[in-house]
Amino acid sequence: GLHWDDIDLEARTLRVARSRHMYEERAPKTASAARTVELLPETVRLLRAIQPLRVEPGSHVFLSTDGKPIEPQSLSAHWYACLRALSIRVRGIYSAKDTYMSTALTAGVNTAWLEQQTGVAYATIRKHYGRWLRTEGESQTQKIAAFAGQIVPNFVPSSDDAEENVDAA
C-alpha cells in the first residue's frame, strides 16, 4: 500500500498510512502500525533508482509488470523462486522483518526506537527476539554517570572526593 507521496527521500523517511490486502487498501491493522519510518541510505538509493520521472499523487511505489499495485500473495511464487535460485532456504517474505529485527538488535539499537520503527511492541520484541537483546547493565549506568557529569561538572565524585566528604561528616 505504499504510495510515492508517503516517501520523503530528502528526509530519508516514509509514512506507513495504509496496508494492502486482497486487492484493497485499508487502514493499518493497529494504531502502532501507522508510523513514520527512517530509511537506510541503501533503501533511499534504491527508491531513487526506481522512482518515475513524474510521480502522480497516490501512485503506488511497487508495481507488477502490468503496472498494477503488487498484491502480497501474487509475489510469493516469485519470492520463492528467487530464494531457490540463490540457494537460500525457502521462507516467507515476512522473514525479512525477522532479519531486520535481529540485525538491529545485534547492532545494539535502542529498543524504543525499534518499536517505533517497526510498530512491534516491546513485549513482542522481547518474546520473539529476546536472544538478540543486549544485557548491558553496568555499561548503561556508566552512560548515565558520564552524561550527568557533562550536565553538572564534578557531579560524579572521584573516590578521593568521596573519602574527604566522609571524613568531613
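Mentor: What follows goes through the sheet, then a helix residue in contact with it, and ends with a pair of rings. The model is a predicted one.

The sheet is open and has 3 strands, in the order 1-2-5, with antiparallel pairing. Strand 1 (7-8) and strand 5 (35-38) are the edge strands; each has a single partner strand, so one side of each has no neighbour in the sheet. Strands of a sheet are joined by backbone hydrogen bonds, in either a parallel or an antiparallel way. Between strand 2, which covers residues 13-16, and strand 5, the antiparallel pairing runs over 4 bridges. Across from R15 in this arrangement is T36 of strand 5.

Q117 belongs to helix 4, residues 111-118. Apart from neighbours within four places in sequence, the contacts of Q117 are R35, V37, E38 and Y100. Strand 5 spans 35-38, and R35, V37 and E38 are among the residues that Q117 touches. The relative accessible area of Q117 is 4%, which is under the 20% limit, so Q117 is buried.

One further feature concerns aromatic rings, and the structure has 1 aromatic pair. Its members are Y129 and W132, with ring centres 6.4 Å apart and planes at 45°, so the pair is classed as tilted. The two residues fall into separate accessibility classes: Y129 is buried at 6% relative accessibility, whereas W132, at 28%, is partly exposed.

Key: Residues numbered from 1 in each chain as written. Predicted model: local features only at pLDDT ≥ 70, side-chain atom pairs only at ≥ 80, totals over all residues. Heavy atoms only, no water. Phe/Tyr/Trp six-rings, centres within 6.5 Å; stacked < 30°, edge-to-face > 60°. Buried < 20%, exposed > 50% of the residue type's maximum accessible area, 1.4 Å probe, protein only. Pairing = 2+ DSSP bridges. Helix = DSSP H or I, 4+ residues; strand = E, 2+ residues; numbered from the N terminus. Contact = heavy atoms within 4.5 Å.
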